[in-house]
Amino acid sequence: MAIRVIGAASLTRDLGRWRHDEPGAAADSNRRPSRPAYVALAESIRLLIHDGRAPLGVALPSERDLATTLAVSRTTVTSAYALLREHGYLISRQGSRSTVALPPTIVHDGTKPARSLLAMMAQPEVPTIDMTFAAMSAPAEMTDAYSFALQGLPTYLGTHGMDPVGMLMLREALARRYTERGLPTDPEQILVTLGAQHGLRLLLNVLTTPAERVLIEHPSYPNAIEAIRDVGARPVPVPMLPDGWDLAGIRSAARQTAASVAYMVPDYNNPTGLLLDAEGRAELASIARDTRMTVIVDESMVDLHLTDGEIMPPAASFARNSEIVTIGSASKSFWGGLRVGWIRANQSLITKLLGTRSTVDLGTPVMDQLATVYLLQNETEILTTRRHQLRSRRAALLEAIAEELPEWRVSPGAGGMSLWAQLPAPVSTALAATAPNHGVLLAAGPRFGVQGAFERFIRLPFTHEEPDIRVAVKSIAAAYAALTPHAADPLAPLAPLY
């Protein structure tokens, strides 16, 4: 089978300002000497690997192609590849290209994120707090949920156990939930999936064609952006306003690009935590109707409202026909290890999705579905506790940022699991690259956008315990301090990361 190859142009785009050195920097004799170009290149590629923007198993461009596109010597690229290979980030076989990998210690122990390559070469291991994910540990009720599932399992052991549409008990519970929220729903309108991401991928396979444009809010969920690209479609970003969605911009972009699909997270956008109000939801549905565009609404965060105020009805309740399709998940509300999601759509689309699903998988595990039924039956108590935890942790994060990084601009959204912090200078990628040396792993701002956007932003989740959050912010502040000699001047080269 042919190996997928990252094009030199694509890799160069994702690398962005990888040198961190602007023309003319060498003229200032007071600046610290820059780290070697090959180290800077290797560090930047390593960060793309950990961000998922250079997927495992794909091949990097040839040394000649990348050197030409980056306008550097081939020796620089050769040395960078050699450094990555030495530390387990590339696998090379004679007669074939180098393919992306992760070092064995990271593959086998996901709790040990990688430090920078320079740190790996010169320093002992640093304990790390992983701030790249926004997900909580399982609630205490998870054990009871699986006990319930185990007791109900014998009913299904006499069957083949494969149900691509999902067990009726769960679909009835989900349909009831939508109806109670103001969106009348029948179980036949629900397809149970292996999480919201799986549901999104199924929808993209059915609703898009290669090279088709898909509108996204900007910033957006990184894995959704990658899913759009993986089906051969093109994500078209519509920048968000400081206080929410640019609906006029969405309408204009839909008309100009003739996009037939949009992906939106109106319920506590990931990463900003912003919430689209009822008027905005009605306008979004109107845009979809007028432009004949299907809007995929991701409700993964819908249960995580953290501020007082009216709870918004489902966006699909403003649709007149099938212009809005909804995906949801148990992962954010209850536990990431519970791989259960769902799609709410009209029956004709459900039928099409089932035809596509049969080529990918044959259904969601019975035990996980039964456990989700239990959690939905007891969601009031569970979610009340989790929202209380998130509010407390968000307050701890805001307090720590105010103390340690007062020049950073952060404003809490209405819900979700993260803050979207604006930095004084465009150093997000550099900060994420050096942060592991100080004991914390970060997701750089560009991960949440396209074309290298958001170098002045970084996502900070508040899903860890409060003491860990405070330690993490102190570590981030230490990492940021390593950049501050030049960070005050956005046009100045960044300080070396060692």
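In the predicted model, helix 3 and helix 4 cross in a right-handed sense. The axes of helix 3 (residues 63-70) and helix 4 (residues 74-86) lie 8 Å apart and form an angle of about 120 degrees. Helix 3 is therefore oblique to helix 4. On the side of helix 3, the contact is formed by E63, R64, L66 and A67, which meet R74, V77, T78 and Y81 of helix 4. Classified by residue type, this contact of helix 3 with helix 4 comprises 4 nonpolar, 1 polar and 3 charged residues.

A further packed pair is formed by helix 16 (residues 379-404) and helix 18 (residues 466-481), with an angle of about 25 degrees and axes 9 Å apart. Because angles under 35 degrees count as roughly parallel, helix 16 and helix 18 are assigned to that class. Helix 16 passes helix 18 in a right-handed crossing. Helix 16 contributes S392, R393, A396, L397, E399, A400, I401 and E404 to the contact, and these meet E466, I469, R470, V473, K474 and A477 in helix 18. The contact of helix 16 with helix 18 contains 7 nonpolar, 6 charged and 1 polar residues.

With regard to nonpolar cores, the largest has 51 residues, and L215 and V295 are those with the most contacts inside it. Helix 15 (residues 366-377) gives the most to this core, with 7 residues. When residues up to four places away in sequence are not counted, L215 touches V236, I250, A253, A254, T257, A259, V261, A262, Y263, M264 and M293. A second, separate core has 40 residues, including M301, A400, A421 and L423; A400 is also among the residues of helix 16 that meet helix 18.

Definitions and conventions
Residues numbered from 1 in each chain as written. Predicted model: local features only at pLDDT ≥ 70, side-chain atom pairs only at ≥ 80, totals over all residues. Heavy atoms only, no water. Axes fitted to C-alpha atoms, helices over the stretch in contact; angles between N-to-C directions. Helix = DSSP H or I, 4+ residues; strand = E, 2+ residues; numbered from the N terminus. Parallel < 35°, antiparallel > 145°, perpendicular 65-115°, else oblique. Left-handed = near helix turned anticlockwise from the far one by under 90°. Contact = heavy atoms within 4.5 Å. Nonpolar A, V, L, I, M, F, W, Y, C, P; charged D, E, K, R; others polar. Core = buried A, V, L, I, M, F, W, Y, C linked by side-chain atoms within 4.5 Å. Buried < 20%, exposed > 50% of the residue type's maximum accessible area, 1.4 Å probe, protein only.
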